[in-house]
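Dear colleague,

Please find below the structure that I am handing over to you.

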Amino acid sequence: RRVHGVSATFADTHTERDLLAKHVFPELRSRCKKYQAHLVDIDLRWGVPANTTPSKTVEICLSELERCREENQNIFFIGILGERYGWVPKPEDISELDAHNQQLKDRFGLQQGRSITHHEIDFAALRKNNPNAFFCFRDSSITSHPIFRGDSGKQWIDTPEKVKMLNSLKNTIKSKYPSQVFENYPCSFDSVDQTTGLVKLNKLNEFLEWTLEKLWKAIESY
C-alpha cells in the first residue's frame with residue numbers, strides 16, 4: 001500500500017487538485033498494479049466540513065498527515081503553492097485544542113503565525129529529508145489577468161505580509177530540495193464557475209506530466 005498526500009491552499013488550487021484526482025492518481029494506481037500495490041490518494045482538504053471549527057480543522061488536517069506517515073515514513077507528498085500563504089490559525093484556535101489533542105499540538109510543533117499549509121509541508125518534508133516529497137510553484141504571472149482585479153483576486157493573492165512569508169517558505173523548500181521543485185509551472189485562465197465562483201485554469205499539461213513522472217519514479221524506487 002502506498003499513501004500519498006496533497007497539501008495546497010484551498011481557494012486557489014481547485015483546478016490542480018481536481019486534475020491530480022482525475023488523471024494522475026488513476027494512472028499511478030494502474031501502474032502500481034504490476035507491483036501488487038495500492039495507492040491511496042489523500043487531499044488534506046478532504047473531510048473538512050464547511051462549518052468545522054478552526055481548532056477542529058487544524059486537528060483534521062494534521063491527523064491525516066500522521067495517518068499517512070503510519071503507512072510510510074517518507075510520505076509520497078505533493079505541495080502546491082501559488083500566491084497564497086494560506087489560512088493562519090489564530091492563537092485561540094491552537095489553544096482551544098482539548099487535552100486529548102495536546103499531544104498532536106506538541107508533535108507538530110504548532111507555531112502561532114504559521115499557516116496550516118506551512119505546518120503540513122514542515123511535517124512532511126522540512127523536518128527531515130524526504131526523497132518522496134515534490135513541490136509545484138505556479139507561475140505568478142497568472143494573477144496579472146484582469147479577472148483577478150475583482151473578488152477573485154482576494155482568493156488568489158495574499159496580503160503583502162503573508163506573501164513575504166510565502167516567499168520565505170518557497171526559498172526554504174528550494175534550498176532543501178532543488179531537484180524536487182517545479183518552479184513557475186505554466187497555466188492559463190479558463191473560466192469562472194458560475195455556480196461556485198471558483199476560477200478554472202487550463203494548459204496545465206506540464207504540471208500533470210511532471211507530477212506523474214516524479215511520483216512514479218519515487219514509487220518504483222520505494
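**Two packed helices**

The crossing of α1 and α8 is right-handed. Please keep in mind that the model is a predicted one. Two packed helices are described by the angle between their axes and the distance between the axes. For helix α1 (residues 14-32) and helix α8 (residues 205-221), the angle is about 35° and the axes are 10 Å apart. On the α1 side, the residues that meet α8 are Glu16, Leu19, Leu20, Val24, Phe25, Glu27, Leu28, Arg31 and Cys32. On the α8 side, their counterparts are Phe207, Leu208, Thr211, Leu212, Glu213, Leu215, Trp216 and Ile219. By type, the residues of this contact comprise 12 nonpolar, one polar and four charged.

**The nonpolar cores**

In soluble globular proteins, nonpolar side chains tend to be buried together. The largest nonpolar core in this model has 31 residues. Leu20, Val24, Phe25, Leu28, Ile80, Phe207 and Leu215 have the most contacts inside this core. At least two residues of the core come from each of β1 (2-8), α1, β3, β4 (133-138), β5 (181-185), β7 (199-202) and α8. Which element gives the most to this core? That element is α8, with eight residues. Another core, of 27 residues, lies apart from the largest one and includes Cys61, Leu110, Ile116 and Leu126.

Phe207 deserves a separate look. Leaving aside neighbours within four places in sequence, Phe207 is in contact with Glu16, Leu20, Ile80, Cys136, Phe182 and Tyr185.

**Salt bridges**

Side chains of opposite charge can pair when their charged atoms come close. How many salt bridges does the structure hold? There are 11 salt bridges in the structure.

One of them joins the side chains of Asp12 and Arg138, at 3.0 Å from N to O. This pair links distant parts of the chain, with Asp12 in the loop between β1 and α1 and Arg138 in strand β4, 126 residues apart. Asp12 counts as buried because its relative accessibility is 2%, and the cut-off for buried is under 20%. Arg138 likewise counts as buried, at 3% relative accessibility.

A further salt bridge is formed by the side chains of Asp158 and Arg84, at 3.9 Å from N to O. This pair also links distant parts of the chain: Asp158 is in the loop between α6 (151-156) and α7, while Arg84 is in the loop between β3 and α3, 74 residues apart. Asp158 and Arg84 are both buried.

Arg114 and Asp122 form a salt bridge too, and their closest N and O atoms are 3.8 Å apart. Arg114 and Asp122 are both buried.

Glu83 lies in the loop between β3 (76-81) and α3 (91-95). Is Glu83 buried or exposed? Glu83 is buried, because its relative accessible area is 15% and buried means under 20%. Beyond its neighbours within four places in sequence, Glu83 is in contact with Asp12, Arg138, Ser140, Thr143, Trp156, Ile157, Asp158, Val163, Leu166 and Lys170. Asp12 and Arg138 in that list are the partners in the salt bridge at 3.0 Å.

Lys174 lies in helix α7 (residues 160-176). With a relative accessible area of 27%, Lys174 is partly exposed. Not counting residues up to four places away in sequence, Lys174 touches Phe137, Val181 and Glu183. The C-alpha atoms of Lys174 and Phe207 are separated by 17 Å, and these residues are 33 residues apart along the chain.

**Two positive phi values**

Most residues other than glycine have a negative phi, and most peptide bonds are trans. Against this background, Asn184 has a positive phi, near 60°. Asn184 has its place in strand β5 and is partly exposed, with a relative accessible area of 43%. Lys203 also has a positive phi, near 55°. The place of Lys203 is in the loop between β7 and α8. Lys203 is exposed, because its relative accessible area is 63% and exposed means over 50%.

Yours sincerely

Methods:
Residues are numbered from 1 along each chain as its sequence is written. This is a predicted model: local features need pLDDT of at least 70, side-chain atom pairs count only at pLDDT 80 or more; totals for chains, interfaces and linings use all residues. Side-chain values use heavy atoms; hydrogens and water are left out. Helices (H or I, at least four residues) and strands (E, at least two) are DSSP runs, numbered from the N terminus. Buried means under 20% relative accessible area, exposed over 50%, partly exposed in between (1.4 Å probe, protein chains only). Contact means heavy atoms within 4.5 Å. Axes are lines fitted to C-alpha atoms, for helices over the stretch in contact, and angles run from 0 to 180 degrees between N-to-C directions. A crossing is left-handed if the near helix is turned anticlockwise from the far one by less than a right angle, and right-handed if clockwise. Ala, Val, Leu, Ile, Met, Phe, Trp, Tyr, Cys and Pro count as nonpolar, Asp, Glu, Lys and Arg as charged, and the others, Gly among them, as polar. A nonpolar core is a set of buried Ala, Val, Leu, Ile, Met, Phe, Trp, Tyr and Cys residues joined through side-chain atoms within 4.5 Å. A salt bridge is a side-chain nitrogen of Lys or Arg within 4 Å of a carboxyl oxygen of Asp or Glu.
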